[in-house]
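Hi,

Here is the structure I said I'd pass on. Have a look at it first, and my notes follow below.

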Amino acid sequence: MTGKDEAELSGLLRAAIAGDERAYADFLHRIAALVRGFVRRKVVQGGVDPEDVVQETLLAIHVKRHTWRPDAPVLPWVYAIARFKLIDAFRRRGRRIEVEIDEIAETFAEPETETVSERDINRALEGLPPTQRSVVSSISVDGHSIGETAAKLGVSETAVRVSLHRGLAAIAKRFGRQ
Amino acid sequence: MRTEDLIKALDADAGKMAMPMGKAWWVAVAVAVAIAAAVFFTTIGPRPDIMPAMHTMRFMSKFVFTLVLAASALALIRALSVPGASTSRRMAWMLAAPLLVVLAVVLELFVVPQADWGKRLVGSNMMICMTFIPLIGIGPLAVFLGMLRYGAPTRPVLAGAVAGLLAGGLAATFYAAHCFDDSPLFVATWYTIAIAFLALLGAIGGRLFVRW
């Protein structure tokens with residue numbers, strides 16, 4: 001974290017907010033690397049997948065980017081969000097371990113039941129309504145553009161944008177504190 | 001999903017950003033004031049002798065307390081609603097309203113004979129005070145909790161409590177125009193209880209509803 005980083009990153013986010021998509025992708029890549037380093041330093045024992053926390057942090061940064069003041073430094077804002085999401089991950093893990101102990105007591109007859117990480121973004125994706133799910137995975141996993149996705153699904157580009165926006169907001173909300 | 005893929009989706013959704021927090025707070029305050037005013041004027045309204053009352057120190061001092069509380073709570077909650085903003089100086093300003101009340105109480109105890117202290121403290125309508133401050137403040141509190149959801153408070157319980165103090169300061173400002181009990185002894189007791197109740201509600205609301 002240097003002054004140069006700070007100046008470049010806040011410049012990129014300002015450009016992104018002004019509508020520069022290239023700047024936004026650049027910003028998110030660099031933030032992902034910084035947050036990954038931060039989370040990996042903090043997560044020393046298992047139970048929390050650092051990459052899950054990175055993804056949740058990026059989602060939160062995205063859906064809450066209106067909470068950044070363009071005249072304020074960007075890194076304290078980013079790290080405050082990352083720390084919040086990390087604490088949330090630890091807290092949930094604590095709760096999940098309690099739940100698992102209860103479940104073992106109750107379902108002792110079927111020990112083969114596998115516990116799937118509820119935090120995994122894929123699970124959140126699966127929970128979306130079909131249209132939002134196909135739009136989000138077309139653009140993310142398949143790497144299609146908005147236009148290609150619209151053509152593939154036979155809907156307007158506006159409809160694709162709306163589904164993408166709602167889908168991402170819904171995933172972020174699912175990761176919110178419960 | 002790989003992080004790389006997630007970034008593609010976020011980038012494609014970069015289009016329109018929601019209203020910035022600074023502006024959104026002023027919209028929220030305007031809506032909250034409108035709700036509080038509507039409840040106040042359709043229920044109890046200002047006291048009939050408000051014009052002569054405005055020439056008395058005690059009556060006007062109530063607005064100083066409540067407005068200082070509302071202003072300091074607004075400054076603090078604006079910082080609490082965004083991640084990474086420094087809050088320590090704004091926290092310190094939260095002491096301003098209580099200190100002013102303490103100062104006024106001390107002055108009142110000097111000015112008023114001891115025999116009258118009890119009468120001034122109990123006042124004439126403490127139940128109305130404790131009913132209407134929460135009643136006027138509950139709508140604004142809901143608006144402010146909604147703003148916290150819209151924002152990204154990293155300390156949701158504290159932010160919720162401050163939302164309650166802001167709603168309380170606002171509601172008490174309106175209520176003070178109705179209330180006949182102008183003694184700082186009354187204000188320090190019953191206004192505080194009513195506002196503390198809103199702060200408690202706000203903290204619970206922050207715990208239960210402010211997730212992101």
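**Domains, the A/B contact and a helix pair**

The centres of domain 1 of chain A and domain 2 of chain A, taken over C-alpha atoms, are 21 Å apart. Domain 1 covers 3-106 and domain 2 covers 121-174, with bounds from an automatic or database domain assignment. Five residues of domain 1 touch five of domain 2 in chain A (contact being C-beta atoms, placed from the backbone, within 7 Å). The domain 1 side has three nonpolar, two polar and no charged residues (nonpolar: Ala, Val, Leu, Ile, Met, Phe, Trp, Tyr, Cys and Pro; charged: Asp, Glu, Lys and Arg; polar: the others, Gly among them).

This is a predicted model, where local features need pLDDT of at least 70, side-chain atom pairs count only at pLDDT 80 or more, and totals for chains, interfaces and linings use all residues. Residues are numbered from 1 along each chain as its sequence is written, while chains are lettered from A and ligands numbered from 1 in the order written.

Between the chains, 41 residues of chain A meet 27 of chain B. Helix 1 of chain B gives the largest share of the chain B side, nine residues (helices are DSSP runs of H or I, at least four residues, numbered from the N terminus). By class, that chain B side has 16 nonpolar, six polar and five charged residues.

Back in chain A, helix 6 (130-139) passes helix 7 (146-153) with the contact made by Ser134(A), Val135(A), Ser138(A) and Ile139(A) on helix 6 and Thr149(A), Lys152(A) and Leu153(A) on helix 7.

Cheers

Note on methods. Contact = placed C-beta atoms within 7 Å. Helix = DSSP H or I, 4+ residues; strand = E, 2+ residues; numbered from the N terminus. Axes fitted to C-alpha atoms, helices over the stretch in contact; angles between N-to-C directions.
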